[in-house]
Amino acid sequence: MAGVRLYLFAAVFSGITTVALDLYLGSDIPAVGASGSIMAVVMLYAIHYPRALIRIWFISIEMRWLVCLYLLFDLYPVLLALSGDQLFTGI
């Protein structure tokens with residue numbers, strides 16, 4: 001039950017954060033999907049099991065490094081938008 005609460009809280013929090021960022025930047029790009037909730041679940045797993053090996057295709061990577069890569073990939077467009085560059089999405 002706690003996992004469901006975490007997932008739903010993360011969905012609400014990431015949605016509010018996306019709306020606040022869109023208002024700050026003056027953009028109207030919609031938020032689609034559950035990436036905020038998935039990121040919360042993956043980060044919680046990485047906090048509890050940082051050295052767990054995850055196999056992606058034929059590469060094994062520790063969970064902590066996978067989360068770092070995912071975080072960089074996820075925050076790169078946000079950092080570009082905050083620096084003033086155009087924000088292009090594939091949605």
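## A quick tour of the α-α-β-β-α protein

Starting at the N terminus, the elements of this protein come in the order α-α-β-β-α. That gives three helices and two strands in the protein. Keep in mind that you're looking at a predicted model.

**Overall build**

- The C-alpha atoms of the protein fill a box of roughly 40 × 30 × 20 Å, taken along the principal axes.
- Of the 91 residues in the protein, 12% are buried.

**How α2 and α3 pack**

- A pair of packed helices is described by the angle between the two axes and the distance between them.
- For α2 and helix α3 (residues 63-83), the angle is about 155° and the axes lie 9 Å apart.
- Because angles over 145 degrees count as roughly antiparallel, α2 is roughly antiparallel to α3.
- As for handedness, α2 passes α3 in a left-handed crossing.

**Salt bridges around Glu-62**

- The structure has two salt bridges, and they link Arg-51, Glu-62 and Arg-64 in a network.
- One of them pairs Glu-62 with Arg-51, where the closest N and O atoms are 3.9 Å apart.
- Arg-64 counts as partly exposed because its relative accessibility is 29%, which falls between the 20% and 50% limits.

**A nonpolar patch on the surface**

- Met-1, Val-4, Tyr-7, Leu-8, Ile-38 and Val-41 make up a nonpolar patch on the surface, and together they have about 570 Å² of accessible area.
- Both α1 (2-25) and α2 contribute, with at least two residues of the nonpolar patch from each.
- The largest share of the patch is three residues, and it comes from α1.
- Val-41, one of the patch residues, is found in helix α2.
- With a relative accessibility of 37%, Val-41 counts as partly exposed.

Conventions:
Residues numbered from 1 in each chain as written. Predicted model: local features only at pLDDT ≥ 70, side-chain atom pairs only at ≥ 80, totals over all residues. Heavy atoms only, no water. Salt bridge = Lys/Arg side-chain N within 4 Å of Asp/Glu carboxyl O. Buried < 20%, exposed > 50% of the residue type's maximum accessible area, 1.4 Å probe, protein only. Patch = residues over 30% accessible without salt bridge, like charges linked within 9 Å, V, L, I, M, F, W, Y side chains within 5 Å. Areas by Shrake-Rupley, 256 points an atom, 1.4 Å probe, with all protein chains shown as cover. Helix = DSSP H or I, 4+ residues; strand = E, 2+ residues; numbered from the N terminus. Axes fitted to C-alpha atoms, helices over the stretch in contact; angles between N-to-C directions. Parallel < 35°, antiparallel > 145°, perpendicular 65-115°, else oblique. Left-handed = near helix turned anticlockwise from the far one by under 90°.
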